[in-house]
Amino acid sequence: MPRVVVHYAPATILAVVVLVAWQALVRLFHVPEIILPAPSQIAAALVDPSVDWPHHIWVTGVEVVIGFAVAVVLGIALALVIVMSAFLARVLLPWILLAQIAPKIAFAPILFLAFGYNQLPTILITFLVAFFPMVVNTATGLSSLDPRMKDLLRSYQASRWDVLRKAQFPAALPYVFTGLKVSSTLAVIGANVAEFVSARAGLGFLIINAQVTFNAPLAFAAAGYLILLGVLFYALVAILERVTMPWAVPHRAA
Amino acid sequence: MPQGEGNNASVHDADADAAVATAVHGAPDSLFEVQPQGARMKSITRVLTSVLFVAAFAALQAAAPAALAADKVTFKLDFSPVGYQAPFYAGVSRGVYAKHGLDVDIIPGNGSYPAVLDVASGRIDFAFADTSVLALAALKGLRDVKVVAMVFEATPYSVLYLKNKGISKPADLAGKTEANFTGSGVGQLFQAFARINGFSTSGIKEILSAPPTYLNPLVVGQADFAPSTVNQTVNLRGLAKQAGNDLQEFRFIDYGINIYGAAILANTKTIAEHSDVVKRFVRASLESVQWAARHPEAAVAELRKTNPQLKKDRALAELRSILQVSIPRGASAPDPLQLGWVDKAKMTRTVDLVRESYGLKQTVDPRALYTNAYVAKP
């Protein structure tokens, strides 16, 4: 058997078994569609031509990518500030923690009221949900350099910037990628949460609209595409990790 | 509208005029005036200022024709797109609003209360929201939002129940289990429904869950009844049947509650400063309501142009149930503006019922909650 078949066969068989059992149980026990639709109903909704799937996937995808990008850039920048200045760390850290713990879903309506019923608050909420792991992981990574290494570089007249660029950043990379992975999945959740509050389109909009109209197969299908979007996004980050630091990957769980 | 995110022709015109005045009078002064000695910095600043004014003027010139073409207004609905909102979506897609010089941006909502607050804050220009919710907000002190056109002259509120749970008249609801959500308007008005129909709510058990899916426990029979609206009955009857339940309803209007339903709202600032926009918005909206009442199938087809995910049959059944119960004169009114008329006695009843149901001490003058300036007396 080809290696690729051997590699993927067990996971595929498990998925098929789960789907068949799901279908059989729903049929056997006459589970109402509104509680749990059958996989066949969800599959039909996934390819329903009357739903403009490409548009909704695109809308949510754009929100996720922009929100995530802002989270990465600002997250890394904040981490740098925190690592470089103990004073700024003392001032900023409580706010960063506050922003992370504050229930975003409760504040989302206020953000829409303040910034308008468009995609800006959605992107802002996506950013707020996704940025914390970036800050914490990058800051931890930047601080992870062996102090003796730093002293050594200093003794060779390396500037602070040199140390950061040539030693601290490479040492931080595995942490940064851990942050990227966690943030990438959180960004999908963030966009979804925001769309629950207000949206004209998107997968989160579809889930709410399907709930309001009691169309459970559509809600499950939209959730399915959202999961797919998240997995794809995560996979892209994982591939980027492999490309960026091929030396690190074999020692870590992907 | 200036206070919202959109803009408005008259506002743009005023800005353009000011820019023209400054550009015409300011520019020659600073550019060609003979400068006193040693005033070089000042003159550079002036030149820069003039350049900015000219640029601003050019930008406004470019923007002005678009602003003149149509007034941009935002319109927030009560819920995520559903069948009975078809008149408004059709109003946009058929160009009814455009014909009245309006570029309407419809924003799906998540309940009447947020929509009322959006209008009060000025973030949104118009809302489609329940009159009883407006009355509640007013009783709690909100003063700046008014009905500018009624749409549902009768409330679509209804008590959905499962006949197979031994319920055949309202009094049978006593001691049963109710599906509800925290903050439900109709859930609160159910108190008045109980009093008027002579049964006590004290023994009723509640299953509370989040708004979009709070009716699910009823559908599957975990709850026996739920305060809701008539359009949900047609939505849920088939699903309840799948679970072996016979879903029926007690409509509020059939059981002694004759109050208003959803209306078009605007805030007092918009009414005072952009009366012409309100007038055109009300006319276009009510024209669309009448058209939809006369052509429900076509209206649902228009709705599905922007929301193709909605099931045609369900959306149509929903629209028809609302037309029958809440807009009974929709198709027949000789003038669509008559559909928007607010009757003082009925508005008073609406406010009183809300006061009673919520146990509020405060009062509000019902006349402060509406204006008939944009509609016609039937």
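Q: What makes helix H11 of chain B a helix that lies across the sheet strands?
A: In this predicted model, helix H11 (residues 275–294) of chain B lies across strand S1 (71–76), S2, S3, S4 and S10 of chain B. Its axis runs at about 40 degrees to S4(B).

Q: Which strands of chain B does helix H6 lie across, and at what angle to S3(B)?
A: Helix H6 (residues 131–139) of chain B lies across S3, S4 and S10 of chain B. The angle to S3(B) is about 95 degrees.

Q: Why do strand S2 and strand S4 of chain B stand at the edges?
A: The open sheet has five strands in the order S2-S1-S3-S10-S4 (chain B), with mixed pairing. Strand S2 (102–107) and strand S4 (145–150) each have a single partner strand, so one side of each is left without a neighbour in the sheet. From one strand to the next, the twist averages 35 degrees.

Q: How do you know that strand S3 and strand S10 of chain B pair?
A: Two strands pair if there are at least two bridges between them. Strand S3 (residues 126–130) and strand S10 (residues 262–267) of chain B are joined by four bridges, so they meet this definition. They run antiparallel. B:Asp130 has B:Ala262 as its bridge partner in S10(B).

Q: Why does the largest nonpolar core lie between domain 2 and domain 3 of chain B?
A: This core has 173 residues; B:Val116, B:Leu134, B:Ala149 and B:Leu265 touch the most other members. Helix H6 (residues 119–142) of chain A gives the most to the core, with 14 residues. Domain 2 (71–154 + 259–369) and domain 3 (157–255) of chain B both give residues, so the core lies between them.

How values were computed. Residues numbered from 1 in each chain as written. Chains lettered and ligands numbered in written order. Predicted model: local features only at pLDDT ≥ 70, side-chain atom pairs only at ≥ 80, totals over all residues. Core = buried A, V, L, I, M, F, W, Y, C linked by C-beta atoms within 7 Å. Buried ≥ 20, exposed ≤ 12 C-beta atoms within 10 Å, placed from the backbone. Helix = DSSP H or I, 4+ residues; strand = E, 2+ residues; numbered from the N terminus. Domains from an automatic or database assignment. Axes fitted to C-alpha atoms, helices over the stretch in contact; angles between N-to-C directions. Contact = placed C-beta atoms within 7 Å.
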